Amino acid sequence: QETGAKRRIALRAARFAAIAVLLAVVLGAGILQAWGASPASLVIAAGALLGLSALKNLLFRDAPKAPPGPPADPALSPLAIPTIVSPYGVGVLIVFVAYLPGGAAKLAIAGVALFIIALDWLAMRHADRLMGWIGPVALTLLGAVFGVLQLALGIEMVISGISRAVGS
């Protein structure tokens, strides 16, 4: 019975996360484009968000803070938002979609984000087995490796955006 409840919460959290991602892709980029942000500034913004997100995860490994009081719906908060879909993630999605405004690019970005949410859902469904197989130490190490790679990607994007701004 506990497994059934976990599965239902995982599925609902994935649905909430998918809705948040789709709203970010559809609405956020249009607003950002209306503000007239240049392509170079969008690359810098995406790099800064990726870098800050990586630094936050590398330096401050605390669990996300839930709002005070009992959660109205744990699948929505804190699981879907901010755990699966973080504010940084929404910002990066909006910047990518604004930088690549074509319909095919938006579909590709939304598709990749939804695929990642599907992977999150699978991981939630099999969390007990995964943790037994991987273990907390290996998971922490893997998180640090990917965090450093994410930080490097963010720095690279900032440098690229500055180069674009200076070169144009």
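View 1. Helices here are DSSP runs of H or I with at least four residues, strands are runs of E with at least two, and the numbering starts at the N terminus. The peptide bond joining isoleucine 81 to proline 82 is cis, with omega about 15°. Serine 77 and proline 78 are joined by a cis bond too, this one with omega about 20°. For background, most peptide bonds are trans.

Some housekeeping for every view: this is a predicted model, so local features need pLDDT of at least 70 and side-chain atom pairs count only at pLDDT 80 or more, while totals for chains, interfaces and linings use all residues. Residues are numbered from 1 along each chain as its sequence is written, and side-chain values use heavy atoms, with hydrogens and water left out.

**View 2. The whole protein, for orientation.** There are 7 helices and 0 strands, and the pattern along the sequence reads α-α-α-α-α-α-α. The C-alpha trace spans about 60 × 30 × 30 Å along its principal axes. Of the 168 residues, 25% are buried; buried means under 20% relative accessible area, exposed means over 50%, and partly exposed is in between (1.4 Å probe, protein chains only). Take the contacts (heavy atoms within 4.5 Å) with a separation of 6 or more: 87% of them come from residues 24 or more positions apart.

**View 3. The largest nonpolar core, with Val21 and Ile117.** A nonpolar core is a set of buried Ala, Val, Leu, Ile, Met, Phe, Trp, Tyr and Cys residues joined through side-chain atoms within 4.5 Å. The largest one has 29 residues, and Val21 and Ile117 have the most contacts inside it. Helices H1 (2-34), H2 (39-59), H3 (75-84), H4 (87-99) and H5 (103-125) each give two or more residues to this core. H1 gives the most, with 10 residues. Zoom in on isoleucine 117 and, setting aside neighbours within four places in sequence, you'll find it in contact with Ala14, Ala17, Ala18, Val21 and Ile84.

**View 4. Aspartate 73 in the H2–H3 loop.** Aspartate 73 is found in the loop between H2 and H3. Is aspartate 73 buried or exposed? Aspartate 73 counts as buried because its relative accessibility is 17%. Leaving out neighbours within four places in sequence, aspartate 73 touches Arg12 and Phe16.

**View 5. H2 packed against H4.** The axes of H2 and H4 are 9 Å apart, at an angle of about 160°. So H2 is roughly antiparallel to H4. By the cut-offs, angles under 35 degrees count as roughly parallel, over 145 as roughly antiparallel, 65 to 115 as roughly perpendicular and the rest as oblique. Axes are lines fitted to C-alpha atoms, for helices over the stretch in contact, and angles run from 0 to 180 degrees between N-to-C directions. The H2/H4 crossing is left-handed, meaning the near helix is turned anticlockwise from the far one by less than a right angle (clockwise would be right-handed). Which residues of H4 meet H2? They are Tyr88, Gly91, Val92, Val95, Phe96, Ala98 and Tyr99, and their partners in H2 include Pro39, Leu42, Ala46 and Lys56. Buried in H4 are Gly91, Val92, Leu93, Ile94, Val95, Val97 and Ala98.

**View 6. H7 alongside H2.** H7 has 32 residues and reaches 46 Å from first C-alpha to last, close to the 46 Å expected at 1.5 Å a residue; the expected span is 1.5 Å times one less than the number of residues. The axes of H2 and H7 (residues 136-167) come within 7 Å and cross at roughly 160°. That makes H2 roughly antiparallel to H7, and this crossing is left-handed. The buried residues of H7 are Gly147, Gly154, Met157 and Gly161, and they pack against H2 and H4.

**View 7. Leucine 55 on H2.** Leucine 55 belongs to helix H2 and counts as partly exposed because its relative accessibility is 33%. Aside from neighbours within four places in sequence, leucine 55 is in contact with Phe60 and Leu151.
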